[in-house]
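Colleague: Hey, could you walk me through this one? I'm new to reading structures.
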Amino acid sequence: MQVVSVNTGAVRALRIGSRTVVSAIGKAAARGPVAVMPLGLLGDEQADLSVHGGLDKAVYAYPQEHYAFWEAQRSKQGASLFDDPLPPGFLGENLTIKGLLETEVWIGDLLHFPSCSLRVTAPREPCYKFNAVMGLRDAGRLMMEQLCPGFYLSVAQPGPIEAGQTFTLEPGTRGLRVSEAFAAKRHKHLR
C-alpha cells in the first residue's frame, strides 16, 4: 500500500449554477513532506466543518484505483473536453492512495506511515459540491452505486507524510467495513 499523492487546498468560491458557495474541495499535490496534525494537514482548509474536518475527519483518503471509473464517466457524459487523466486531489482527497479499497478496510483500522499513524473513522458522503466539481449531476449517486467513497481518518500519531511512502494496516475491532458503513446510508444518496 502506498501514498500516491498528498493534497491540500484552500477555501475558495465555487460557482454552482446561479449561486456561489465556498468550498475547499479543490486540492492540489504538495511537494515534499506535509505535517499531519490533530486537525489535519498543514496548509489544508475545510469550508464546512459540520461535514469535513475536525478530529474524526481530519484527513480524507481516496483510492487511486477508482480514478479510471470517474474519468470514464466524465468522458461518457461530456463533462471533460479532453481525455486527460484527473490529477490527484481532484475528488477532494488529502491522500491519494493505492492498494487499499473500501471493501478491505474497517472502521477503527489503523494505518501506519513511516512517521505518523491515522485511524479509519467513516466513509465520505458526497454532496452537491462533489456533483458540481465532477461535472456530473449524478456523481453522488454513482459513488453510492459503485461503493467508492474513500474514507476519513483521525490522527492517532502526528508527523510528516509524503508521496511515495508505503504504509501498513493494523486491524481494529473489525465490526464494520467502510463499504458497509457507506452502503448503510444508501437511502440518503439514491433518492
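Predicted model: local features only at pLDDT ≥ 70, side-chain atom pairs only at ≥ 80, totals over all residues.

Colleague: Okay, how many helices and strands are in the protein chain?
Modeller: The protein chain has five helices and 13 strands. Its radius of gyration is 16 Å, close to the 16 Å from the globule rule for 191 residues, so the chain is as compact as a globular protein of that length.

Colleague: And what does the C-alpha trace span along its principal axes?
Modeller: About 45 × 35 × 30 Å. As for the inside, 43% of the 191 residues count as buried.

Colleague: Switching to rings. How many aromatic pairs are there?
Modeller: The count comes to six. One of them is Phe-69 with Trp-70: the ring centres are 5.0 Å apart and the planes sit at 70 degrees, so this pair is edge-to-face, the cut-off being over 60.

Colleague: Is Trp-70 buried or exposed?
Modeller: Trp-70 counts as buried, because its relative accessibility is 0% and the limit is under 20%.

Colleague: Which way do the rings of Trp-70 and Phe-130 pair up?
Modeller: Their centres are 5.5 Å apart with the planes at 85 degrees, so they are edge-to-face. That pair links distant parts of the chain: Trp-70 is in helix H1 (residues 67–76), while Phe-130 is in helix H2 (residues 128–134), 60 residues apart. Phe-130 is buried, and so is Trp-70.

Colleague: Nice. Which residues form an aromatic cluster?
Modeller: Tyr-60, Tyr-62, Tyr-67 and Tyr-152 form one.

Note on methods. Residues numbered from 1 in each chain as written. Heavy atoms only, no water. Helix = DSSP H or I, 4+ residues; strand = E, 2+ residues; numbered from the N terminus. Rg over C-alpha atoms; globule rule 2.2 N^0.38 Å. Buried < 20%, exposed > 50% of the residue type's maximum accessible area, 1.4 Å probe, protein only. Phe/Tyr/Trp six-rings, centres within 6.5 Å; stacked < 30°, edge-to-face > 60°.
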